[in-house]
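Visitor: I have a structure to get to know today. Can you walk me through it?
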Amino acid sequence: MSPETLARWQFGITTVYHYFFVPLTIALSLLVAVLQTMWFRTGQDKFLRLTKFYGKLFLINFAMGVVTGIVQEFQFGMNWSEYSRFVGDIFGAPLALEALLAFFLESTFLGAWIFGWDRLPKKIHLMTIWLAAFGTMLSAIFILAANSWMQNPLGYQYNPVTDRAELTDFGAVMTNPVLLITFPHTLAASYLVATGFIAGIAGWHLARLNKAAATTPTLPAGTEAEVDAEATAAAERAETDRQEQISGFRWALKFGAIGLLISGLAVCITGDIQGKVMTDVQPMKMAAAEALYDTEAPASFSVLTIGTLDGSEEVYAMTVPYVLSFLATGTLDGEVRGINDLQAEYEEKYGHFGIVNFAPNIPVTYWSFRAMMGLGFLAMAIGAYLLWVVRKNHLPRSSWWFTAICVIAPLAPMFANSFGWIFTEMGRQPWLVFGVMPTAAGVSPGVGAGTVLTSMIVFTLLYGGLAVIEVGLMLKYIKEGLPEAKPVEVVENDDQPLSFAY
């Protein structure tokens, strides 16, 4: 394989892996802040226990996201130096703000939150997690601003002397119509992951606690005097803790399930708007998402399309009339341009770049688009089902299929996010910057295939090891259940060393 192909594979592997942690970090930070706010306002121990429980899982995920994200910046210099040289004046601005402003905001206040439980007044400590959550969302804005510019370059001019794109209007970069809709869509999709994470874990624990109650033997009548008093007290404490765990996880399940439905609806609304913006700025991507080869008005939505192996034409399609026209244009009879017509237009407009085929990989864009939508709707259905399961104070029964549902609750939206980004990035091909820089032109000229392959293998093995650590830590602390609600008291002794609250 060529250095370009290997560099794309490496960036794809590391980016998809890194993005497993991003949506959970973005949304769970704010949801943990909500849980702590509930404890601050009500004083109920269950909210403190939920804050500590999901807060610990959030910290594990945050740490892994930081570690895996560092590699992304390295690759701009390692494998994509020509791209970095060409767009550095523009791409570097939002990335610098993300590092200097957003990341420092979230990391500083997250540190204060971790070590400040017994050092800061409750109001100040609560403020730190809200500011950390705000930092994660601010970070997302700047990252998405850079990516949106690649999808729809604005606010720049080309300097033929330096052969570089130069920033002329930072405001245009930050008000890019692609960014203005991609940010809320990404945010909603992130909350779909985090609420599924909360609901899935809570549902699994409720089923486990219900099973424990059903299998706990009861003492026979008349034997109380023979039972050791200490054992009896321990059993009573265990039962009290079980009831408190049930109360906490029942609230968490309802909170997460309702969040799945609300965030799912927000994903649908923002996704619909994003589809129309995408049709305006990247019509080839919309055509590829539907494997639409010929222009149609009205256009039908493809439920299933089978094409030739090279993706050059349609063989069979199962369609729903008018739906694609509405998704792309907002009208039932709107015209949606096909791949063949756009190919002819781009050959005339961008032929000087030497690109032969302006269409992306049709099977990848077509199926990733459907996987994204299908998994998102599945997550919403799971949210509705979990609400039904705990209706009227019922508890779910422990079974393999209910455990599977609880596992799918966070994984379905997580993979939906991944497929969404695969579609977004693959659908932009053959461009690194749409209409400005082909992908082939951005590769580092002095890096050979062997070097890229070696680093790709190393990163893949390293990330595989990190995956084992991540899953192991998550499962360990998930199984422990809600921690004890120890009183939180502010220590006035300045000489006492900082303590790690978890």
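This is a predicted model: local features need pLDDT of at least 70, side-chain atom pairs count only at pLDDT 80 or more; totals for chains, interfaces and linings use all residues.

Visitor: Which residues have the most contacts inside the largest nonpolar core?
Guide: Those are L28, Y54 and L110, in a core of 70 residues. A nonpolar core is a set of buried Ala, Val, Leu, Ile, Met, Phe, Trp, Tyr and Cys residues joined through side-chain atoms within 4.5 Å. Buried means under 20% relative accessible area, exposed over 50%, and partly exposed in between (1.4 Å probe, protein chains only).

Visitor: Which helix gives the largest share of this core?
Guide: Helix 7, residues 177-215, with 14 residues. Helices here are DSSP runs of H or I, at least four residues, numbered from the N terminus.

Visitor: What is Y54 in contact with?
Guide: Skip its neighbours within four places in sequence, and the list includes L28, F197 and F249. Contact means heavy atoms within 4.5 Å.

Visitor: New topic. How much space lies in the second largest pocket?
Guide: About 830 Å³. The volume is the space filled by probe spheres set on grid points, joined across faces, edges and corners. On a 1 Å grid over the protein atoms alone, a pocket is an open set of points where a 1.4 Å probe fits, with protein on both sides within 12 Å along at least five of seven lines; lining residues have an atom within 4 Å of a point.

Visitor: Which helix gives the most to the lining of that second largest pocket?
Guide: Helix 8, with 10 residues. That helix spans 229-281.

Visitor: Now R250. Buried or exposed?
Guide: R250 counts as buried because its relative accessibility is 13%. R250 lies in helix 8.

Visitor: What does R250 touch?
Guide: Not counting residues up to four places away in sequence, R250 touches L206, V390, N393, H394 and L395. A polar atom of the R250 side chain lies 3.2 Å from the backbone oxygen of N393.

Visitor: And where is D272?
Guide: D272 is in helix 8 too. D272 is partly exposed, with a relative accessible area of 24%.

Visitor: How far apart are D272 and I181?
Guide: They are 91 residues apart in sequence, and 9.8 Å apart in space, C-alpha to C-alpha.

Terms used
Residues are numbered from 1 along each chain as its sequence is written. Side-chain values use heavy atoms; hydrogens and water are left out. Helices (H or I, at least four residues) and strands (E, at least two) are DSSP runs, numbered from the N terminus. A polar contact is a pair of N or O atoms within 3.5 Å; within protein, one must be able to donate a hydrogen and the other to accept it, and residues adjacent in sequence count only if both atoms are side-chain atoms.
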